[in-house]
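How does one read its features?

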Amino acid sequence: MQIQKREGQCVPFDKNKIENAINNAFIEVDGMLYETDTAKDIADEIEKIAAHNEKMIGEPISVEQVQDLVEDYLMRSERRDVARAYIRYRYKREATRKNKMVFFDAIKEKLEAKNVQNQNANVDERSFGGRIGEASGVMTKQYALDNLLSKKAKENHLGNRIYIHDLDAYAVGMHNCLSIPFDDLLAKGFNTRQTDVRPAGSVNTAFQLVAVIFQLQSLQQFGGVSATHLDWTMVPYVRKSFKKHYKDGLKYFYHMFDEEIEQFEFNPDWEITCERYTQNDLAYTYAMDMTEKEVHQAVEGMYHNLNTLQSRSGNQLPFTSINYGTCTLPEGRLVTKELLNVSIEGLGKLHKTSIFPCGIFQMMKGVNREPGDPNYDLYRLALESTARRLYPNYANVDWTGNAGYDKNDPKTYFSTMGCRTANGADINAEPGTNPQTKDGRGNICPVTIIMPTLAMEAVEQVKKEFAGSLVPQSVTWMNDQKIATFMKILDDAIHDAKDMLIERFEYICSQDAASAKFMYENGTMLGYKPEEGIRSALKHGTIVIGQLGLAETLQILINVDHTTEEGMKVAKQIEQLFKTRCAEFKEKYKLNFGVYYTPAENLCYTAMKKFKDKYGEIENVSDREYFTNSIHVPVWKEISPFDKIDIEAQLTGYSGAGCITYVELEGAVLKNLDALEQIVNYAMDNDIPYFAINVPNDTCLECGWTGEIENECPECGSTHIQRLRRVTGYLTGDYKTAFNKGKIAETEDRFKHSKKL
């Protein structure tokens with residue numbers, strides 16, 4: 001005799017399973033099993049019915065029919081309490097089955113790439129690796145939700161109030177991003193799982209190892225990796241290469257032998273332009289020529305490696321950033337020049353714009369800001385690269401938020417990682433070290449407060465509180481009530497965010513150093529002491545509270561955004577609360593809490609979708625496919641670049657853990673670098689910490705023409721066009737295929753601020 005399961009397959013009928021299920025219901029009610037006759041009698045009766053059913057109809061009885069019969073027999077017995085227990089048991093099992101089906105359907109959807117979301121524009125969700133990674137993420141995210149998060153954390157996350165980033169990485173206790181101490185790794189060498197690597201002996205080798213280290217470190221974390229001062233880092237290796245070429249020049253032009261050359265004094269501290277070298281002019285000219293070629297080829301090699309060697313699932317490239325531009329030594333200047341030249345030239349046969357690394361030119365007074373500064377010519381070259389390739393972005397070394405940096409130590413200069421993440425002063429800095437040191441530190445974990453959700457909670461609370469009031473209230477008075485209520489709700493959410501971050505930080509600290517062997521064995525994360533565990537290193541990183549949708553929040557509360565005087569007043573009140581609380585948490589818990597202006601590449605869309613499902617479509621709030629990123633001026637606002645900078649400059653100072661300001665310009669900017677310089681200088685003079693320019697970067701995939709293309713290439717007429725755009729702080733492929741639905745809509749809404757000049 002058979003029984004048909006829910007999935008359709010038939011298996012042998014087993015009445016013992018019926019008895020066990022009924023007995024479990026008795027145990028739930030009575031605490032233990034006093035009698036088994038009822039269960040046995042019911043099972044016998046159902047067995048008879050099943051046999052009759054199969055004999056007379058020719059079909060086996062189904063599981064659902066059996067459970068219906070059990071319920072019916074129990075309800076007719078004297079133990080209706082047991083019947084209710086059985087019904088509850090059946091309901092729970094059904095709910096579990098449905099959840100399991102939903103779970104496996106989600107995995108199947110990812111494995112078959114049936115609903116590609118483009119949550120990360122750097123991941124190809126259709127690739128084999130992408131499908132495996134996305135399916136794995138479904139499981140690890142659910143594991144984190146069910147097993148690692150506190151009830152409060154889970155409710156905030158699922159309730160679209162406080163978003164926990166990268167739950168799949170949470171599940172294994174992985175941290176976010178890191179500024180890698182390349183100075184030490186290149187000078188001392190490093191170990192990998194399979195072998196060890198000698199110190200770099202030339203600039204070519206050094207650049208190759210930079211790409212290797214970027215890839216190795218990126219596998220130890222889920223965020224970006226950064227070089228904080230690559231021009232300074234490469235100085236000794238340019239000198240080593242120059243020395244080799246100079247020796248070759250002495251042999252070729254002066255017919256010197258190795259024995260004679262060995263007697264020639266070489267000092268590693270000599271600059272490549274020093275008089276000791278220039279006295280042998282033929283050897284010097286040869287060595288300079290060969291060194292320049294080697295540096296150029298080395299930079300090309302690094303760029304090609306970082307754009308071709310995928311190191312994560314989903315054909316994902318390491319999320320790399322390089323900061324440079326302040327080294328005034330001839331070696332550092334050469335490195336910066338070639339980094340920019342290779343960027344301008346582009347990659348491959350079509351000379352495409354390089355996606356990685358994210359280039360960041362560090363602006364510094366007295367170094368590269370004005371004509372006459374030693375690196376001003378490199379700043380102009382950087383502007384040309386920005387006009388053609390969107391990179392570099394611009395970091396403000398003199399930003400007031402980086403006060404206390406050491407002008408003689410580039411490790412303390414302001415730099416960024418990933419989309420915009422930055423390290424502020426380290427409350428756990430070792431005695432005798434500068435708290436503003438960036439190398440070996442990174443962001444450990446972020447959360448983001450979805451402020452429009454909190455604003456709606458405030459509005460609903462105020463409406464409920466004054467629903468029965470017979471006294472007419474003015475709009476101003478009601479707005480004041482909404483703001484006050486929102487600030488209380490926001491304050492509670494910030495405290496919740498703090499608890500959620502500490503919860504995650506402690507879980508990350510509980511991991512074994514073997515989980516990230518490359519990182520801890522080679523000291524890429526500052527301060528690791530094996531006897532103290534990995535907390536000794538993690539405590540130097542930042543844990544950040546991000547935010548989303550300031551503009552929409554203000555619209556909900558007072559019906560204007562921060563492009564108005566009234567809106568900016570409330571915006572500053574909100575941001576001051578974030579800054580004050582993070583400063584308090586930093587001091588109380590001795591952890592580097594910071595305010596973070598979240599990139600929200602995928603969250604801008606998913607948070608809006610959940611918001612719209614709950615609250616519907618609200619004008620200027622949820623009538624688009626995305627929330628405005630952090631404190632940005634809404635992308636559709638028709639204002640000049642200077643006005644946008646003026647507005648955002650009033651708020652960027654509240655963030656110490658990472659923010660970006662960008663403006664949108666038309667393609668004609670390539671012909672007017674003076675105007676571009678004026679805009680960048682204006683941002684720096686207004687204390688913007690991190691600034692980027694967006695210009696159209698369309699490439700004809702037939703002839704390689706790059707610029708602003710409407711429908712067809714102006715050079716060859718092709719319509720096979722790649723449209724490259726900035727997704728958050730970095731670039732990716734064609735935005736129409738690589739971005740998620742929300743980011744595509746946001747990109748198409750972006751107003752070109754240069755139209756208002």
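The dialogue below takes up a sheet, some ring pairs and a single residue.

Q: What kind of model is this?
A: This is a predicted model.

Q: How do strands pair in a sheet, and in what order do the four strands of the open sheet stand?
A: Strands of a sheet pair through backbone hydrogen bonds, either parallel or antiparallel. Here the order is β4-β12-β13-β14, with mixed pairing. At the edges stand β4 (162-164) and β14 (592-596), each with a single partner strand, so one side of each has no neighbour in the sheet. On average, neighbouring strands are turned by 25° against each other, direction ignored.

Q: How many bridges join β12 to β13?
A: Seven bridges join them, and the two strands run parallel. Within this pairing, P446 stands opposite V544 in β13. Helix α22 (residues 565-589) packs on the sheet and touches β12, β13 and β14.

Q: How is the aromatic pair of F242 and Y277 arranged?
A: Planes over 60 degrees apart count as edge-to-face. F242 and Y277 have 70° between their planes and lie 4.8 Å centre to centre, an edge-to-face pair. F242 belongs to helix α11 and Y277 to helix α13, so the pair ties together parts 35 residues apart in sequence. Both residues are buried. Ring pairs link F242 and Y277 into a cluster with Y246, F266, W270 and Y284.

Q: Is S415 buried or exposed?
A: Buried means under 20% relative accessible area. S415 has 4% relative accessibility, so S415 counts as buried. S415 is placed in the loop between β11 (393-396) and β12 (443-450). Its contacts include T228, N323 and K438.

Definitions and conventions. Residues are numbered from 1 along each chain as its sequence is written. This is a predicted model: local features need pLDDT of at least 70, side-chain atom pairs count only at pLDDT 80 or more; totals for chains, interfaces and linings use all residues. Side-chain values use heavy atoms; hydrogens and water are left out. Buried means under 20% relative accessible area, exposed over 50%, partly exposed in between (1.4 Å probe, protein chains only). Contact means heavy atoms within 4.5 Å. Two strands pair if DSSP finds at least two bridges between them. Axes are lines fitted to C-alpha atoms, for helices over the stretch in contact, and angles run from 0 to 180 degrees between N-to-C directions. Rings of Phe, Tyr and Trp (its six-membered ring) pair if their centres lie within 6.5 Å; planes under 30 degrees apart count as stacked, over 60 as edge-to-face and the rest as tilted. Lists of a residue's contacts leave out its neighbours within four places in sequence.
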